[in-house]
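Hi there,

Here is the structure I promised to pass on. Have a look at it first, and my notes follow below.

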Amino acid sequence: MNLFLTYLAVAVTFVAVDMVWLTIMVERLYRPVLGDMLRAQPSLPAAAAFYVLYPLGLIWFAVLPAQQDGGALRAF
């Protein structure tokens, strides 16, 4: 249960921060540079796979080592 709650906290935080970033930066940064290579609509299956798997990587490489060492410095 603890691992599930950790995943949920990481996933919700990551998705929220990423949505803010993408909302602000797509038109300012990505569209001027990528132009026609940027799709008009995102691929939902690819996005879903990314938003399920990326938090697992964050947990494996940052959260769990930080929990084992008892400090946030290890996560960084």
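This is a predicted model: local features need pLDDT of at least 70, side-chain atom pairs count only at pLDDT 80 or more; totals for chains, interfaces and linings use all residues.

**Overall shape**

Along the principal axes, the C-alpha trace spans about 45 × 25 × 15 Å. Of the 76 residues, 17% are buried. The chain exposes about 6100 Å², and 72% of that area is supplied by carbon and sulfur atoms. If you look at the contacts with a separation of 6 or more, 67% of them are accounted for by residues 24 or more positions apart.

**Charges**

You will find 4 positive and 4 negative side chains in the protein chain, with the centres of the two sets 1 Å apart. As a general point, side chains of opposite charge can pair when their charged atoms come close. How many salt bridges does the structure hold? It holds one, and the side chains that meet in it are those of E27 and R31, at 3.0 Å from N to O. Both residues belong to helix α1, which covers residues 2-34, and because they are four residues apart there, about one helical turn separates them. E27 is exposed, with a relative accessible area of 51%, while R31 is partly exposed, with a relative accessible area of 30%.

**D18**

Another residue in helix α1 that I would like you to look at is D18. Is D18 buried or exposed, and which side chain of opposite charge is nearest? D18 is buried yet has no salt bridge, and the nearest side chain of opposite charge, that of R31, is 15 Å away. Leaving aside residues up to four places away in sequence, D18 touches F50 and Y51.

**The loop**

Where does P42 lie? P42 is in the loop between α1 and α2, the latter being residues 44-69. P42 is exposed, and its relative accessible area is 56%. For a sense of distance, P42 and L5 are 37 residues apart along the chain, and their C-alpha atoms are separated by 28 Å.

When you open the model, you could begin with the E27 and R31 salt bridge and then turn to D18, buried and without a salt bridge.

Best wishes

Notes:
Residues are numbered from 1 along each chain as its sequence is written. Side-chain values use heavy atoms; hydrogens and water are left out. Buried means under 20% relative accessible area, exposed over 50%, partly exposed in between (1.4 Å probe, protein chains only). Contact means heavy atoms within 4.5 Å. Accessible areas come from the Shrake-Rupley method with a 1.4 Å probe; for residues, only the protein chains shown count as cover. Lys and Arg count as positive and Asp and Glu as negative; His and the chain ends are not counted. The place of a charge is taken as NZ of Lys, CZ of Arg, CG of Asp or CD of Glu. A salt bridge is a side-chain nitrogen of Lys or Arg within 4 Å of a carboxyl oxygen of Asp or Glu. Helices (H or I, at least four residues) and strands (E, at least two) are DSSP runs, numbered from the N terminus.
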